[in-house]
Amino acid sequence: MRKVLYLLPLMFCLGLGVFFYLGLDGDPRSVPSAFINKPSPEFSLAPLPGRAKAPFANFDVLNRNDLTSGRPLILNVWASWCVPCVAEHPLVDRLAKEEGILVHGINYRDKAVAASNWLNRLGDPFTKVGFDNDGKAGIEWGVYGVPETFVIDGDGTVIFKHAGALTPEIVEKNILPFFKGRN
Amino acid sequence: MIAEIGHFALIAAFVLAAVQMSFPLYGAHRGDIGLMDLAKTTALAQFALVLLSFAALVNAFVTSDFSVLNVIQNSHSDKPLLYKISGAWGNHEGSLLLWVLILTLFGAMVASFGRNLPPQLRARTLAIQGMIAFGFIAFMLFTSNPFERVLVPPANGQGLNPLLQDPGLAFHPPFLYFGYVGLSISFSFAVAALIEGKVDAAWARWVRPWTLAAWCGLSVGIGLGSWWAYYELGWGGFWFWDPVENASFIPWLFATALLHSAIVVEKRDALKSWTILLAILAFSMSLLGTFLVRSGVLTSVHAFATDPERGVFILLLLVIAIGGSLTLFAIRAPSLQPGGLFRPISREGGLLLNNLFLSVAALTVLLGTLYPLFLDVLEAGKVSVGPPYFNATFGPLMVPILAAMVVGPLLSWKRGDILSALSTLWFAGTVALAAIAITLIYSGVDGILPAIGVGAAAWIIIGSCMELAERVKLFQSSAADTWRRLRQTPRSVYGMTIAHLGVGVLLAGVIGTTAFKTESVQNMKIGQSVAVSNYTFTLDNVVSLQGPNYVAERAVFVITEGDSLIASVNAERRRYPVEQDMTTEAGIHTTWLADLYAVIGEGSRSAGWTTRLYKNPLTPWIWFGTIIMAIGGLVSLSDRRLRIGAPSNSRKKAVSSRPIPAGAQ
């Protein structure tokens, strides 16, 4: 009996260990998004002013219709003032230019000149860029930090969301498999 | 090039750790002095190598070497020098290197000052230290290399989180880690004792100074962190029960319990397996803190960048270190000879009470910290446990300890007389009761807990002084006799009295701040005045200014009391363009009895600014109390009975004053 008493601390700590192991799976950054497997929210954004790729301003309004064209796509929320956005930008560029995925951008709480300069300098992977200078669309999308990336299937349903800069692992594991065969 | 030297030094230290954890252990088993002495050499060399590695990292930060990834992510060439240096440990990789540096520093100290230790015990202790170092250096080399280079260096770095660019926080981690990691020595001693199957008074005497040193560092570190939160986060609070704060507080509670129970082992040869368990738990909680901060299982404002791969690695280290030592405990502890018996009312009984409540308090904080994780794993939803839980559980648990900590030292060993102890303390008791009554009248009946707190603070402060007065027979004997007694009183007794006084002062500060603060939030234009308690704050002016790497809006408040000018304080809102972040700097004027505290929020000249003004009674006492406690620890540490290298003197002294327990050698 007395020996069992001395085993208690070990049992207690092993129990804790099991919980920690299970807890590791849950990424604290993946605050459950209300949008996963749900239709994307309604929004409408004017195009980013002064962007080189936009000859006809009205043509480039970004709204929910752009997400229901039948072609799956990526929606990337970014800003020129955001450092992690610079870090992930080559990946976004690669997804658009090498993987041939349709990528739209939401330019979040930014200055138009700074944003278009940024795209000119680092490359412009976006088909359309909505200019969300007051952050309203960001609220609709539940954005709580830039960058954020959404994967959306052809009928406007949100399949995957990542908060923070994309990494090659996330692209390989969570993004590319979805587009395989659907593009 | 220098970064590579740092990296190689780390690899060499890794190899030495592998040697240190294996050969000396085998040597101790075989009784081979040569192999055992190897531990000494490797511990010293390991420290030198890690120091070199750390210097290389600091150098990379100071010279803004943007070919090192860690420097890019955490530094910027415009940063002031102090924050370039502190940036070296203001991130996951660098702080791990600091952690290992302090670990090897303690190893080197045991190797060089531990000459009086039996060679077996020293070899085993250092071998356990070697295992810890091995695990953590491996963690760094395989998942978190601070010297990682990038092929194309950018023109400048991304800067350090502005919240961390602060003198209070720059020196917070070194102290905190000194405490965290210092507990590794107690842990190693405990595991070595379990391997030997022998725990005696001598063992307790060797362990105590290390625990004391670590405890002092931990106290100062936690105090600095709390001070920083107080003036930098701008909420007027000093403790938020944030998971990361708790992660440092839980080991502190266990270390405090360990300090007290080691006395019982030293003096009475009792509570042995309990003391060993505490030594294991104290360091285990330090490791757990490391895990919680870095693995991302809990969300916190302080959390480092998280990475599941790192989490699995630390969890593995945890399982090996904690699981291994507790398995050893389960096997060996039952066979430890139980020592001296004692009555519940005795010095031992008092110390046991202290241990019991401190441990339960530590487990309560642990439960509150981990509860959100449990629910998350059980998929019962995401919750966060807030201050109400901790205040409701932790506060009441402290009451018995606070009441007993004055009485305990007056009880004699084995069997104490509580009535005579209490009669010595009649004055402290009367003052405490009067303080409770006055507080109740002053603040109304709803303030029963604050009133008890005020009473407890008075009880501790006066009672600790009276306990010392009783010991030296102040006013009961001739002045010459009192003077002789004062000189003969061991420093560890003075240390205890000072540290207990510190607790009283700290408690007064905590109660004053939480229960009696006056707060006022409003919109103010220049020239407007607001009354806060008996003071008047006038917003005199708001100016823009340019700092080294930030721009700030500085509000100048003039504080008056009646017609007399008290002070003028500056509250700032700083914007860091590189990091795109804001910080607040509270404007604080401290009288010894209260802090006058002003924070400025958003606003403009035409619309006015949001301001928050506080009168925080006794808040400075929180930090005075912490410093007094740490000083108490240091005074106790200077006791020659604990001083390393003076065992024979201590034996003689112990014999002359008290019978020493059998088995001490």
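A: The residue that follows helix α10 of chain B is B:Asp269, and its phi is positive, near 60 degrees. The model is a predicted one, in which local features need pLDDT of at least 70 and side-chain atom pairs count only at pLDDT 80 or more, while totals for chains, interfaces and linings use all residues. Residues are numbered from 1 along each chain as its sequence is written, chains are lettered from A and ligands numbered from 1 in the order in which they are written, and side-chain values use heavy atoms, with hydrogens and water left out.

Helix α10 of chain B covers residues 243–268. Helices (H or I, at least four residues) and strands (E, at least two) are DSSP runs, numbered from the N terminus. At 1.5 Å a residue, the 26 residues of α10(B) should span 38 Å, and this agrees with the 37 Å between its end C-alpha atoms. The expected span is 1.5 Å times one less than the number of residues. Of the 26 residues in α10(B), 24 are buried, so that the helix is mostly covered. Here buried means under 20% relative accessible area, exposed means over 50%, and partly exposed lies in between (1.4 Å probe, protein chains only).

Leaving aside residues up to four places away in sequence, B:Asn246 touches B:Trp239, B:Trp241, B:Pro251, B:Val365, B:Thr369 and B:Phe390; contact means heavy atoms within 4.5 Å. With B:Thr369 there is also a polar contact of 3.0 Å between the two side chains. A polar contact is a pair of N or O atoms within 3.5 Å; within protein, one must be able to donate a hydrogen and the other to accept it, and residues adjacent in sequence count only if both atoms are side-chain atoms. B:Gly368 is 122 residues from B:Asn246 along the chain, yet their C-alpha atoms are separated by 9.2 Å.

Beyond residues up to four places away in sequence, B:Ser144 touches B:His92, B:Glu93, B:Leu96, B:Phe139 and B:Arg310.

B:Lys414 is not a glycine, although its phi is positive, about 65 degrees.

Chain B also contains an open sheet of 4 strands in the order β1-β9-β8-β7, with antiparallel pairing. Two strands pair if DSSP finds at least two bridges between them. The edges are held by β1 (518–524) and β7 (587–590), each with a single partner strand, so one side of each has no neighbour in the sheet. From one strand to the next, the twist averages 15 degrees. Strands β8 (residues 594–604) and β9 (residues 608–617) of chain B are joined by 9 bridges in the antiparallel sense, and B:Ser604 stands opposite B:Gly608 in β9(B). Helix α9 (residues 201–232) of chain B packs on this sheet, touching β7, β8 and β9 of chain B, and its direction makes about 45 degrees with that of β8(B). (Axes are lines fitted to C-alpha atoms, for helices over the stretch in contact, and angles run from 0 to 180 degrees between N-to-C directions.)

Chain A has 5 helices and 7 strands. Among these is strand β3 (residues 73–78), which is largely enclosed by the rest of the structure because 6 of its 6 residues are buried. A:Leu73, A:Leu75 and A:Val77 cover one side, and A:Ile74, A:Asn76 and A:Trp78 the other. In a regular strand the side chains alternate between the two faces of the sheet. Strand β3(A) pairs with β4 (residues 102–108) in the parallel sense over 6 bridges, and with β6 (residues 148–152) in the antiparallel sense over 5 bridges. A:Val77 stands opposite A:Ile106 in β4(A) and opposite A:Glu148 in β6(A).
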